[in-house]
Amino acid sequence: MVTLTVNDRRASVEAAPDTPLLYVLANDLALNGPRFGCGLAQCGSCSVLVDGVETRSCVTPVSRVDGKRVTTLEGLAGYYAKLAKLTTAPALHPLQQAVIDEQAAQCGYCYNGMIVKGAELLSNTPRPTEAQIRTAMNGHLCRCGTYPRMLTAIQRAARMMAEARR
Amino acid sequence: MIRREFLKAGGALVVGFSLRDVAFAQNGTSSAMRAAVPGPPDAKLIDTWIAIHADNTATAYIGYVELGQGASTALLQIAAEELDLDMNQISSVRNDTHVTPNQGATVASAAIERGGPTIRAAAAEARHALLTLASQRLGAPVDRLVVSRGVVSVGSDAGQSVRYGDLLGDKPFSVPFTGNAPQKPVAQYKIVGARQPRLDLPDKVSAKYVYVQQVRLPGMLHGRVVRPQGQGAYADGARIVSVDAASIAGIPGVRVVRKRDFLAVVSPNEWDAVRAAKQLKVAWDMPASLAGTEGLFDQMRSAKTIDSVISEKGDVTAALGRAAHRVQTTYRGPYQGHMPFGPNCAVADVTSDGTTLMCSTQSVYGTRDKVAKVLGVPAASVRVQYYEGAGTFGRSCYDDAAQAAAMLSQEIGKPVRVQFSRTDEHGWDNFGPAHLADVKVGADANGKIIAYEYDGWQHVWSTIETAEQLALGTPANESPDGTSRNLNKITLGSMYDIANLRLNNHRVPGIKGYLKASNLRSPLDVSFAFASEQALDELAHMATIDPLEFRRRNMSDQRWLAVLDAVAKAANWTPSTRPGQSRRASPRAGGRVVTGRGIGLGTHMSSYGAAIADVRVDRDTGLVVCTHLYGALDAGLVVNPAAVENQISGQLVQAASRTLKEEVTFSNTNVTSLDWNSYPILRFGETPAVTSIVVQRMDQKSTGAGEEVVAAASAAIANAFFDATGARLREYPLTPARVRAALAKA
C-alpha cells in the first residue's frame, strides 16, 4: 500500500513500490493529464509537478513521491491559485487558457507535458525571454510541430499572469 | 423491436457513447436502428447524415475522423452554414461502425475535399425538408421563408415562426438523400471561410478529453506485444526459436499468449505487463536479409524493377541535347517514420455476442475488416469506435495494435488493452518508403526550362499488419501501384510550362529485403520536391537567374504564381545580387556561421504550396538550423482559415524535422531507430519562427491542406543550404556529418 498526495487529495493505492508513478495516476487514480509517451523520460508527455518540480512520472517509482505533493494537469489551476494567492481558483491555469487563445495544439497529446513544464517555468521565471523558454522547454517533444505556437502561448500566459498580479 | 435490439446491443458497447446518442436512439429514430445494427448506415438517407433535436440543435454524422487537424470543426462549419444554425447549435458524434457513415479512410487530406461536399449537400437537403415542413405549419410558400439560428420565419414577421426542433424534434426525416437540393450561394457564407476556434481544444488542454490510451473498461487486462527490438525485412516477419516462460516466473499473474510467432503478455497490472514484456526471454531467428542503411540505395538501383512511364510529352532526349544549361544529378530520401507521440493503443472486448474495439484508426470500417479477419468472425459482429490518439500522419501501427488487442481478448475472454511501447512503435512502424531519383533538366539560353526527365525508385506499401502476419502466418504482401506510391506527376514538373518531359517510375519489389512501408504525410512528395525543386534551383543558378525569377519565368498557371508571389511577399524576397553563385561568392567565403535563403514549391494531390526557408549553418559543427520558415497554401475554398494556418505552421516545423533530422536506420538484421534518441526529431529549442499564409479562393472547390507545404518547405530548406554555403546536399536529412562532408568537398 502506497499513500500519496495528488492535487491536494490523499490517496492510498495497492502498488509495488517500484511501479512508475504514471501507472498509478492513470490506472488507479483515473487521471487523464499525465499520459504514456515513451516510458524512457525522453518526451515529456507524462510530466507532473512533484513539490513544484517538473518530473517524468513514467520513470519515477511511486515510492519516491511518498510524503510529497504531486500536481497533475487536472490540479494545475488550483496549484496556480495557491501560488498566486488568489481567493478563488480559475477553471484553467493561465497557460491552459493561452493555449486555447493561441489555438496552439493540434492532436494535443504533448500538451500535458508542455503545460506542466511551461507552468513550472512561469512560476520560477515570471517573464521569461524567448531564449529561456526555448531552453526550458527543450526536453518536451511535439510530433505535430506546435512549438512556435506553444512559445507564443507561454509568452501570452506570462502577460496574463503579470496582469493578474497587478 | 428497434428499441429492444438497441438495448441488447448496449451494455459494454455503450462505453464512450454520448448520452445524447443513447437518449436519441431510445426515441426510436433511424439513429436507433443505426446504433443497434452494424453499419454502414444507408448513405442515401438524410437521417444517416443529419438529425434535428427537440432543443433546436442538430447532430451531423460524419465519416471522417479528427486527427488534430481540425476537420471535425470545419465539417460542422459547413453543416451549420447550410442549415442556418450557429456553431453552438451543432455537434457531431464519435466515429463508430454502428453509427457513422462509411466515407472511406481519413487520408490524403480528404476530409474537407471529399467530405465537405457530402455534408454540405446533406445539410442543404435537410434544410429543404425542414422548410417544406415549416411551409405546411406556417401556411406560407417555401420561397417566403427565412431561417436564422434554426428559427424559420415568414419574411421578417417574427410572429409567424417555428423552430427546427419543433418541426422535427428527434424524429427522423425519412427522406432520401438525392444530393439535388439547392445550396447556399458562396456570397452568402457567414461561417464557412471565417476563422473558427477548434471545438476539441478546450477539453484537450483541460485533460477532459479521453485519448484511446486512456480508455479503461471494467475488468480490463493490460497486454504488451513481445517482438524483436526493431523489424527485419518485411517478408521475414519475426520467427520464434524458443520462449523461456520461466524467465518471468517472478512476476505473478502474468500470462504469456502465443499464436504461431505472435507473442504477448497479459496482466491485470500494467506495470507487471511492462516488466514481463521486457524480461521474457525469447530467442528470435533474425536473418541478415537487409542491406543496412548504407547499402539501401545501391540495392534499390540494382533491383529488378517494374518500370512504367507515368507521364510523357515532347522529346526529352532531343531537348536535353540542345539545352544551353543542363543539370544531371542524383537525390536520395530516407525511410522516415510516423512515430505518433503517444504510441498506438487499442482496447478490445471480444465476447460471444460480438466484439467492441476502440482504437485511433484513420478508418473504422477498414479496421473492422482487419480485426474480423484475425478473429475469424464476420465483420458485422465487430463494432469499431474511434478514439483519437496522438497525431498519426498516415498509417502508423494502429491496425497492428487493434488486431493484437482483439486476439488477446479473444484468447483471454476479458477486455484487453494493448499499449505499444515506444520501441514497438518505432521499430515496427510502416515507414514512409525511401526514394532514389536521377534527375536531368535543361534550360535554353534564356532560362526557359525545355527538358525534364525524372527517374525514381521506390517500393509500394505493405498491406498485411504485423500482428496478422505473425499470428496467422499470412504472407507479407504489397499494395498495387497507384497514387502516392508512384512518381507524382503533379509534384514533378506540372507547375512549370515544360514542353519535353518524361517521368520514369521504377517500382522496387519491396517484400524481400526491405522494411514495411505505408503512407507517411505528403507520401513520397517530400522526396520528390527535395529532388525536383533542387534540380531546378541548380538549373536557375547555372543560368545565373534569381531562383524566384527563374520559377516565375517558367510558369503561367495563375494559382501557382499566386502562392509563389504570396510567400515571396511575406518573406520580402530580394533577388540574388550574385545569381549563379547565389548570395555567396565562394563556398569558403564568410565566417564560421553563414546564413542563406531558399525557395521551393510542393503539392500532393491538388492544392498549391510554396515555401521560403531561412537557414543558419555552422560550418565547423555542420549544424543546420531553420531560423524562419514561410509557407503559403492555396487549398481552394478554405473553410476554416485559422485551422489551415495551424496546419501550415505544423507542416513547416515537420519539414524542418524531416529535412534536418529524421532517418530510419537499420542493420543487416533489424531497424535500429528505436526511440527518440536513435530517431531524433526537431526539438523545441531549434524551432523556427513560422509565417503561414492562406491564399483564400472562395470561388474554388476545397482541396487538401495537410501535405503540400511539407514538400515545398523541404525543398526550400535544401536550396537555402546551398545559398548559405555554395554546396549542395542531395541526400536528406541534412545531418551535421553529411554537412561537414559536403563542405569538405566543396
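**View 1. Pairing of strands E4 and E5 in chain B of the predicted model.** B:Val146 lies opposite B:Ser153, a residue of E5(B). E4(B) and strand E5 (residues 151-154) of chain B are joined by 4 bridges in the antiparallel sense.

**View 2. The open sheet of 3 strands in chain B.** The strand order is E4-E5-E6, and the pairing is antiparallel. Strand E4 (145-148) and strand E6 (157-163) of chain B each have a single partner strand, so one side of each is left without a neighbour in the sheet. On average, and with direction ignored, neighbouring strands of this sheet are turned by 35° against each other. Helix H6 (residues 115-138) of chain B packs on the sheet and touches E4, E5 and E6 of chain B. The direction of this helix makes about 125° with that of E6(B).

**View 3. Helix H13 (residues 398-412) of chain B.** At 1.5 Å a residue, the 15 residues of this helix should span 21 Å, which agrees with the 21 Å between its end C-alpha atoms. Of the 15 residues of H13(B), 13 are buried, so the helix is largely enclosed by the rest of the structure.

**View 4. The side of chain A that touches chain B.** Contacts link 49 residues of chain A with 46 residues of chain B. On the chain A side, two or more residues each come from helix H1 (21-28), helix H3 (94-101), helix H4 (111-124), helix H5 (130-137) and helix H6 (147-165). H6(A) provides the largest share, 4 residues. By class, this side of chain A has 26 nonpolar, 18 polar and 5 charged residues.

Technical notes. Residues numbered from 1 in each chain as written. Chains lettered and ligands numbered in written order. Predicted model: local features only at pLDDT ≥ 70, side-chain atom pairs only at ≥ 80, totals over all residues. Contact = placed C-beta atoms within 7 Å. Nonpolar A, V, L, I, M, F, W, Y, C, P; charged D, E, K, R; others polar. Expected span 1.5 Å × (residues − 1). Buried ≥ 20, exposed ≤ 12 C-beta atoms within 10 Å, placed from the backbone. Pairing = 2+ DSSP bridges. Axes fitted to C-alpha atoms, helices over the stretch in contact; angles between N-to-C directions.
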